[in-house]
Amino acid sequence: MSEFKVNNRFEPAGDQPKAIDALVKGVRKGMRHQTLLGVTGSGKTFTAANIVAAIGKPTLVIAHNKTLAAQLAQEYREFFPNNAVHYFVSYYDFYQPEAYMPVTDTYIEKEAMINEEIERLRHASTQALLTRKDVIIVASVSCIYGLGSPVEYEKVNMKVTTGMKADRAELIRRMTSIHFERTNADLEPGMLRAVGNMIEVMPVNEKVIYRIAFETDKDGASRVSRIDQIDAITRAIVKPLDVFFLFPAKHFITDKEQVERAFTTIKAELEARLKELAAQGKTLEAERLKRRTNYDLALIREVGYCNGIENYSRHFSGKAPGEPPDTLLSYFPHKADGSPDFLTIIDESHVTIPQLNGMYAGDQSRKKTLVEHGFRLPSACDNRPLTFEEFETRVGQAIYTSATPGDFERAHSIPPEGQIAEQVIRPTGLLDPIVEVKPVTEKRGAAGAVYPGQIIDSIAEAEKVVAKGFRAILTTLTKKMAEDLVDYLKERSVKAEYLHSDIKTIDRITILTDFRRGKFDVLVGVNLLREGLDLPEVAFIGILDADKEGFLRSETSLIQIIGRAARNVEGRVVIYADTMTGSIERAIRETNRRRAIQEAYNKKHGITPKTIIKAIKDITDQLESEHDKTVKEQVRIDEELFAKDPKALIKKKEADMSEAVKILDFETAAILRDEIQALYDKLEGLRSKKR
């Protein structure tokens, strides 16, 4: 019996029951590839959730960007509140890969900014896979990048029980050996501290503290006398425990013997490579490689780490040259014969599949240039994403979901090995939107009428729906145009924001949530607005420069953009084009075909279309740290006192902070410190208004 249970007040409707039945039967028959062709707003995620519940296997859901992955994670959490649903994306807020450009002799060193909250969620994902069966991981394409061996990761997890023989110093050494850092200040994920005859440790996957107390028995042996789970903010005991597991603070774990072997094999590879470079007459490259590698080895031996240590991952993992790295896929369950024993759902597959297919080639091109010019050993090329062929062999039975399946999905979903299930009818009865074509450029009619062009017209159309309480989206071809258009809209007193790839992951999610909540009315963007964004408040979409044929204005892209207006009963789309391209014609033809099917179904069943009503939630609630949430809540609680006498309140908080420091309660002191800063900012804001 499945451990997954869908919690939803709605029953499958429209084309959903037929699609669910067909795809579940396909999985049970052993079909390797299936496609769910579902129009925008037809509830593909709900259909997928019902399939997961019916099959009952751990499931990997892959999305093509972090924003969509965040939205899907939130939806699956709502569908499966009693199961383990986790979010796994790249932990970099900023990432500049190491590279070399021979033409200009420019070396670019790797720069990265890690988001600690996302790193915590990554650990939660892998630990859930190793300890539970009812797991759904929503991931970006980062799931095909190297992660470290699940065998080593699980092997070194620590089991701590009350009554076990354990010396405090030895337990601290064991924790530091699995990458926990010792501190005397505030505890953060991946840190521990010694307090008297106790150890306090905060795992990387949760924001709680485990306090381990020790005592000496009659025989003089040290034992664990008590384990308490403690709230990290209030310091209150949540509950006493008999046992808890502590997983490593980092995914890449290697035992000491393997580390020594790695040093030997790295030196051997360096020696062989230096001979190759010398034979080629590359003296500069050989000297560069020798210095870099020896420096890295010295640093690793001294401090256990160097910048770019991942380039030596093949040696530390013990894998053979060219062997694929371990990835998130390695953490999912496998059968006795090694074949995958989990379900894979590839969301918006027409974009995700090409992304997965292209990762390896781009990575190798950059790495080979570094190797050729002596910046890295050849083994650096083994620190890589999976090839698409390797990916295919490592995922379970796959279901591709898209409103516009690509050639790969269609070619692989042919009976009897696969099938395509179509989901055109929406449970809400909503139709595909009406699509109108207008010129890009300004035009003057014979009677003196003036058509102002796409910018002025799209703004006028947006203002009409905003006046009704809805939102509008305008899509541009470039980031610069998006930013300039937002500036122009704000000059006209239209509340607008832009969204594009330069904006940080969590900020993107916040912008979309604010858009739904009505903090602004017009969202301007480039490509991020196309696939999978669930925005039922949107009643108008203007597609600017639609006749500029290319990826952003292809048939697939246009159908996806049009679909963003299909969740609102008043949804309408204007395509701005001076020339009717083939892509525009085909997109309008397909939209009209679907609309005709939907109208006929509604008429036959007496259905009146209704706008989707969806609660406004976002994953930033989980990504925001408990510390920040506590500070915000404390400021809210103190609002009344602040209004009466802000200076007195701040003075009291400063005194409380000093007292907390005296008794070494650093968590409380840190909260008070940040609350004081927030109160000062609030006070300064009031002063600015008076001025």
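Is cysteine 381 buried or exposed? Cysteine 381 is buried, with a relative accessible area of 12%. Here buried means under 20% relative accessible area, exposed means over 50%, and partly exposed lies in between (1.4 Å probe, protein chains only).

This is a predicted model, in which local features need pLDDT of at least 70, side-chain atom pairs count only at pLDDT 80 or more, and totals for chains, interfaces and linings use all residues. Residues are numbered from 1 along each chain as its sequence is written, and side-chain values use heavy atoms, with hydrogens and water left out.

**View 1. The whole protein chain.** The protein chain has 22 helices and 27 strands. Both are DSSP runs, numbered from the N terminus: helices are H or I with at least four residues, strands are E with at least two. The radius of gyration is 29 Å, close to the 26 Å that the globule rule gives for 691 residues, so the protein chain is as compact as a globular protein of that length. That radius is taken over C-alpha atoms, and the rule is 2.2 Å times the number of residues to the power 0.38. The C-alpha trace spans about 100 × 80 × 60 Å along its principal axes. Buried residues account for 52% of the 691. Of the contacts (heavy atoms within 4.5 Å) between residues at least 6 apart in sequence, 73% join residues at least 24 apart.

View 2. Cysteine 143 has 0% relative accessibility and counts as buried. Cysteine 381, at 12%, is also buried. The structure holds zero disulfides; a disulfide is a pair of cysteine sulfur atoms within 2.5 Å.

**View 3. A cis peptide bond at proline 416.** The bond from proline 415 to proline 416 is cis, with omega near 5°. Most peptide bonds are trans. Proline 416 sits in the loop between α12 (407-412) and β19 (418-423).

**View 4. Serine 493, a positive phi.** Phi of serine 493 is near 65°, a positive value in a residue other than glycine. Most residues other than glycine have a negative phi. Serine 493 belongs to the loop between α14 (479-491) and β24 (496-499). At 67% relative accessibility, serine 493 counts as exposed.

**View 5. Aspartate 545, a positive phi.** Aspartate 545 is not a glycine, yet its phi is positive, near 50°. The loop between β26 (538-543) and α16 (555-563) holds aspartate 545. Aspartate 545 counts as buried, at 11% relative accessibility.
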